[in-house]
Amino acid sequence: MTTMDKFRLDGKVAIVTGASRNIGFEISRTFAEAGATVIMVARDEPLLASAVEQVAATAAAPIVPFRADVGVPESVASLAATAYEQFGRVDVLVNNAGATGGTHKLNALDVPDAAWEETFAVNVLAPYRLSRLIGRRMIVGDGGSIINVVSPSGFIPTPHMIAYGATKSALWMMTRYLAAECAPKVRVNALSPGMVWNGTASWAPDDPTGGGLVAMTPMGRMGDPTEVAPAALYLASEASSYTTGAVLMVSGGRPW
Ligand SMILES: NC(=O)c1ccc[n+]([C@@H]2O[C@H](COP(=O)([O-])OP(=O)(O)OC[C@H]3O[C@@H](n4cnc5c(N)ncnc54)[C@H](OP(=O)(O)O)[C@@H]3O)[C@@H](O)[C@H]2O)c1
């Protein structure tokens, strides 16, 4: 197998949550380009259908939508069951869907319970539930790769993001625990994008330059989803066969 062959995902089945736009869309497109069957997950049906159509247009393997709110336990159970019914296997799970709790204008002491509940449900419980359902099958099957999309806000405080940051921090620690306990058959890694925005991200600040955050980024600009997806392909594929429990920063040089 050549080094480039190690990046291929032919015959593999991947689930990508939050796949209808931005980072999750681009990860789905990249996995499809590498030969994977991709189950693309999001809530808004028309947007998801259009995203699936775009990815499927050039894909060799099936690209299918699954409409679900990953914050709802029954939905993730149904997602996992459907994946195994339809394809018999899941090799890659990307927990990419994220929630901010809408706290952009709130100070740390003013965040309501609802924001904590939403961020924990989507950013922590959903990845855990999916990892539990799919990781168990991976361990008794052919193994696999789980990728959790975290954030610089989970490593260092950023303004108005206490709930989001705390949940991403929890997701990072969960990644390390799962990596320690699921090795060697299942690798579990985190991917931490810096500021990535193509104009539609739900977290988008009023100032699309990201104010001080771009100034804190050595690359001096926001990133593009196409600059994040190749890192997910590395973590998903045999190319990263000795990498587990790691966080891969794709953050334009920000230390976290
Ligand atoms: N963009 C950044 O600068 C940045 C930086 C660091 C980390 N991240 C992380 O990277 C990930 C992707 O960010 P993004 O900016 O690409 O997000 P985004 O543009 O807001 O897109 C989020 C995607 O997730 C789906 N989604 C949201 N909540 C969901 C739910 N409860 N169940 C199922 N799907 C859901 C959305 O579709 P529906 O709304 O239709 O469900 C959409 O497809 C997130 O985990 C985020 O925290 C992003």
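Predicted model: local features only at pLDDT ≥ 70, side-chain atom pairs only at ≥ 80, totals over all residues.
Thr 17, Val 70, Asn 95, Ala 97, Val 122, Ala 126, Pro 127 and Leu 130 line the largest cavity. The structure holds 1 cavity of 30 Å³ or more. Helix α5, residues 113-140, gives the largest share of the lining of this cavity, with 4 residues. By class, the cavity lining comprises 6 nonpolar residues, 2 polar residues and no charged residue.

Pockets were examined as well. The second largest pocket has a volume of about 240 Å³. Its lining is made up of 19 residues. Nearest the centre of this pocket lie Lys 12, Gly 144, Arg 187, Ala 236 and Glu 238. Both α1 (3-6) and β5 (144-149) supply at least two residues each to the lining of the second largest pocket. Here the lining divides into 9 charged, 5 polar and 5 nonpolar residues.

Helix α2 was considered next. It runs over residues 22-33 and has 12 residues. At 1.5 Å a residue, α2 should span 16 Å. The C-alpha atoms at its ends are 16 Å apart, which agrees with that expectation. Of the 12 residues of α2, 10 are buried, so the helix is largely enclosed by the rest of the structure. Burial was counted at under 20% relative accessible area. The buried residues in α2 are Asn 22, Ile 23, Gly 24, Phe 25, Glu 26, Ile 27, Ser 28, Thr 30, Phe 31 and Ala 32. Gly 35 follows α2 and has a positive phi, near 105°.

Notes. Residues numbered from 1 in each chain as written. Heavy atoms only, no water. 1 Å grid on protein atoms, 1.4 Å probe; cavity = no way out; pocket = protein on both sides within 12 Å on 5 of 7 lines; lining within 4 Å. Points joined across faces, edges and corners; volume = space filled by probe spheres on them. Nonpolar A, V, L, I, M, F, W, Y, C, P; charged D, E, K, R; others polar. Expected span 1.5 Å × (residues − 1). Buried < 20%, exposed > 50% of the residue type's maximum accessible area, 1.4 Å probe, protein only.
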